[in-house]
Amino acid sequence: MAKLPAPIETLVERYGPHRHYVPEGGWQPIGEPDRLVKTHCCFCGQQCGIQLKVKENRVVGFEPWEDFPFNQGKLCPKGVKRYLQDGHEDRLRSPLERTDGGFREIGWDAALDRTAREIKRIHAEHGNDAFAILTGASITNERAYLMGKFARVAVRTANIDYNGRLCMVSAGAASKKIFGIDRAANPWSDIPKAEVILIAGANIAECAPITTDYLWRARENGAKIIVLDPRLTPIARTVDLFIPVRSGGDIGIFNGMLHVMIERGWINREFLAAHTTGWEEVERTVAKYTPEYAAKIAGVPASMIVRAAELWGPAKSSFLLHSRGIEHHTKGVDNCMAAINLVVATGRIGREGCGYAMITGQGNGQGAREQGQKAEQLPGMRDIDNPEHRKYIAGVWGVEEETIPHKGLTAVPLVEAIHEGKIKGLLLLCFNPMVSLPNQTYIREALEKLEYFVVLDFFMSETARHADVILPTALMEEDAGTTTNTEGRVILHQKAVEPPPGTREDWRVACDLAERLGVGDKFRFGSSKEIFDELRVASKGGIADYYGITWERIEKEKGVFWPCPALDHPGTPRLYEGAKFGHPDGKAHLKGIEWRPATEEPDEEFPIILTTGRVVAQYLSGTQTRRIGALDDQAPQPSCEMHPRLAAKLGVVDRDFVKVESRRGAIVVRALVVKTIRPDTVFVPYHWPTDRAANRLTVRAIDPISNIPEFKICAVRVKKVEKPDDDTWALPPEAGGLR
Amino acid sequence: MSQELAFFIDYSRCIGCQACVQACEECDTHRGASMIHLETIDRPGSVQTTPQVCMHCENPICARVCPADAIKQTPEGVTQSSLKPRCIGCSNCVLACPFGVPKYKAEIDQMMKCDYCLDRTSTGKRPMCATVCPSQALAFVTLEHIEKTRRGRAVNEWVFGDEVVRTKVYVVVPPEVDTVRADLVQLGKKRAPEIDRDDVAAILEGG
């Protein structure tokens, strides 16, 4: 039983989140630090270079790292304040075990022994697949690789997946289908060289702030910028064409643009004939997407679609950027494919200033989806059901091929299997489903059914509260390892300080458990670097080939782009040069995309569209940033953003309490009445738990190909309430309360 | 001269992320106190925000109106926070500054303001805010670099009625502008009716 062992107030008081304001050693001048460690920010897929100031084994501040080519010293507020995690009062410093009234500290051996015992018991009683693993995309490549191996070799379960399933999988699947490779096609240095830039569903100012300078540099060079978003974001405010698309209506824009481009002859037919398949079908599909027809789908005037085509069509160079706004849909893969059709139709890819990229969300949003911790994947982006791939990896791991499980359940179906009683045990790290998964009530019910639940984390997340055992782990700055940034550049996080006493690096925990599960010989790693060297071999010959990348090269070259198959290979900043695509036939495989409605469109009962997303000062489920005072002060609680017209209809004024209700639950938050959003849509950011969790409202429906949840559209109703009437409103806002 | 690093503000680039505000308070000379202001212009109507550092006037009015002679200018032309032993907390400077920069801090009974990150800029480093600014709405580069890389024009001359103010810090404005006029006569003029480009409903209706 994984119900909360104590009242939520008690758990919050003991374990936080508490806001931490004052750096180690107070606010007095730091003076000369002992060391200045060149490393990277742990928040978001941009992975900006940063120097951490270290004094007496504590991170006490930061200094911009202007020589790192990607961000050249630039940082967002999260990067500036990330160092305040060090010395945080909420840090877990001992393994914890659930008791009748809370948690008690236990020793590492006891915690690991119990976990191994429970895994074996569940295996014996219910089969190997009844014990599952959920991991994350904010961990290093080394840890991601090791977790995939740990699941298949030590726990021998098919059921491992990761929270990139809530993030990058639609983009990844679309790229893989069309190009055969799942990675941004171009380095960011190509952005300022493009004549026209199309940004679809990406709130760059808040979710990838340092990319802003690349956009503005392009604009200074004369580029035209088009933005698709239901909200007028800080980027959208000053661009050439802002299209306030209805959430889920993006295919209308993309197909409508393509329709106009075909009509006006802005298609590169020579390129299409030589380097692609499927164009005829695309052309047939978009034939009916006249601007007027497409405009109805997109919920915008037809003239905007024509204007977008006029900007995009005849340009000599172009760059497409997309992210969660078009990806978080049950047609997320289709949305991305329809967007990419615009790139390929013009032949503007694989050259300087010509290409496209998905903007990754999580810290290792790119790398963590390559190393084999996805349900369907083995290291190097290999396919777990491909006999050749299985054979190669079995050789690397020193196991029989038959012992490697086949494809398992992806994150949402995996939680559903827990709810249905098919999965009995769960190991979870770097994941906070009690904020981030859709339909929170259902998720909580599932967690409460687990027979054994073990969580690895450095703070007591809202999810960890449900655990039987919690293992306290190390922060990014307390362990070295690589990540892969949004461009596909593999970079190195240096160890700045030692993990505090009582904590242990994730990879050591996995090795310690493997020992107890009888396969210690397969997990004899003395350092994260040794894991990377095995990862290099495991990835060799795969799509994401890291074989030629070493930690030394990364340091020397300030990152190396994969694929990099040999030590003397320079790496591959730009994919598809010479129009050579990743499929065996070397061609791009296009597909005509038809629009279809969302799982839950607004109706009479729930007449308003809810869309969810992020704010600049908070990171993902907020486990870290809701604990950093300066960041939390910037965005201390969620609001429900709505247009004054909608507010007038609802009788709501700015700052009123409103109840936002869907078929799955309700939350009470304050209204934020602004003209910068479509009048048929409300927006609630998702970083908060309890009765402030936007994911209380969202729908548990997934894309059939990528299995990404539909976070960007569901139906709600909104009404004014006098005051919150839930059980948690009196908590501090950072813990889910409301002020 | 153009090889000298200078401070530029380009309001059209600002995305309101507050990296500048957060980074300013990390500066070693005034750790824990942020000196830069980030203004939200009118959130109900727009997402526009503008950062404001001290413009470092050639002839700083804040210093001129100080009855205690507590505000000094360095030889480099940087106007500093008030001198603690002299400042009487009268807030004359707060009222006089045309850019709204100096703030009186009651808890220390002293005026403090942006000091051009003198500890950093005097040793060849760039100011914290302009180094981290992800949109480069704040930039610390050469005038030549700005002229080469920006469409707008960098100006440092301001007209307030009869008063002309020249500042060390530049703002990037549309190329046809050579002086920023803040004349009161411009207020109250009727604007031609046009679509409110910050109102999504109006954009949808206007096409």
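The largest nonpolar core of this predicted model has 299 residues, and the members that touch the most others are A:Ile197, A:Ile199, A:Met257, A:Ile305, A:Val660 and B:Cys129. Helix 14 of chain A, residues 332-345, gives the most to this core, with 10 residues. For A:Met257, the contacts beyond four places in sequence are A:Ile305, A:Ala308, A:Ala309, A:Trp312 and A:Leu342.

The table sets out the overall values for each chain.

| Chain | Residues | Helices and strands | C-alpha extent along principal axes | Buried residues |
|---|---|---|---|---|
| Chain B | 207 residues | seven helices, nine strands | roughly 60 × 35 × 35 Å | 38% |

Among the contacts in chain A with a separation of 6 or more, 74% join residues 24 or more positions apart.

Chain B has seven helices and nine strands. The radius of gyration of chain B is 18 Å, close to the 17 Å from the globule rule for 207 residues, so this chain too is as compact as a globular protein of its length. In chain B, residues 24 or more positions apart supply 51% of the contacts with a separation of 6 or more.

**Domains of chain A**

Chain A is divided into three parts: domain 1 (96-167 + 364-578), domain 2 (177-358) and domain 3 (608-735). Between the C-alpha centres of domain 1 and domain 2 of chain A the distance is 34 Å. Their contact involves 12 residues of domain 1 of chain A and 13 residues of domain 2 of chain A. On the domain 1 side, the touching residues comprise five nonpolar, four polar and three charged.

**Helix 19 of chain A**

Helix 19 of chain A, residues 506-516, is mostly covered, with nine of its 11 residues buried. The buried residues are A:Asp506, A:Trp507, A:Arg508, A:Val509, A:Ala510, A:Cys511, A:Asp512, A:Leu513 and A:Ala514. In chain A, they pack against helix 3 (108-126), helix 4 (141-155) and helix 20 (528-539), and also against strand 16 (425-429), strand 17 (452-457) and strand 18 (469-472). Just after helix 19, A:Gly518 adopts a positive phi of about 90 degrees.

A:Pro438 sits in the loop that lies between helix 17 (433-436) and helix 18 (440-448) of chain A. Is this residue buried or exposed? A:Pro438 has 27 other C-beta atoms within 10 Å, and a residue counts as buried at 20 or more, so A:Pro438 is buried. Leaving out residues up to four places away in sequence, A:Pro438 touches A:Asn695, A:Thr698, A:Val699, A:Arg700, A:Pro709 and A:Phe711. The C-alpha atom of A:Pro438 is also separated by 9.6 Å from that of A:Arg664, which is 226 residues away along the chain.

How values were computed:
Residues numbered from 1 in each chain as written. Chains lettered and ligands numbered in written order. Predicted model: local features only at pLDDT ≥ 70, side-chain atom pairs only at ≥ 80, totals over all residues. Domains from an automatic or database assignment. Contact = placed C-beta atoms within 7 Å. Nonpolar A, V, L, I, M, F, W, Y, C, P; charged D, E, K, R; others polar. Helix = DSSP H or I, 4+ residues; strand = E, 2+ residues; numbered from the N terminus. Rg over C-alpha atoms; globule rule 2.2 N^0.38 Å. Buried ≥ 20, exposed ≤ 12 C-beta atoms within 10 Å, placed from the backbone. Core = buried A, V, L, I, M, F, W, Y, C linked by C-beta atoms within 7 Å.
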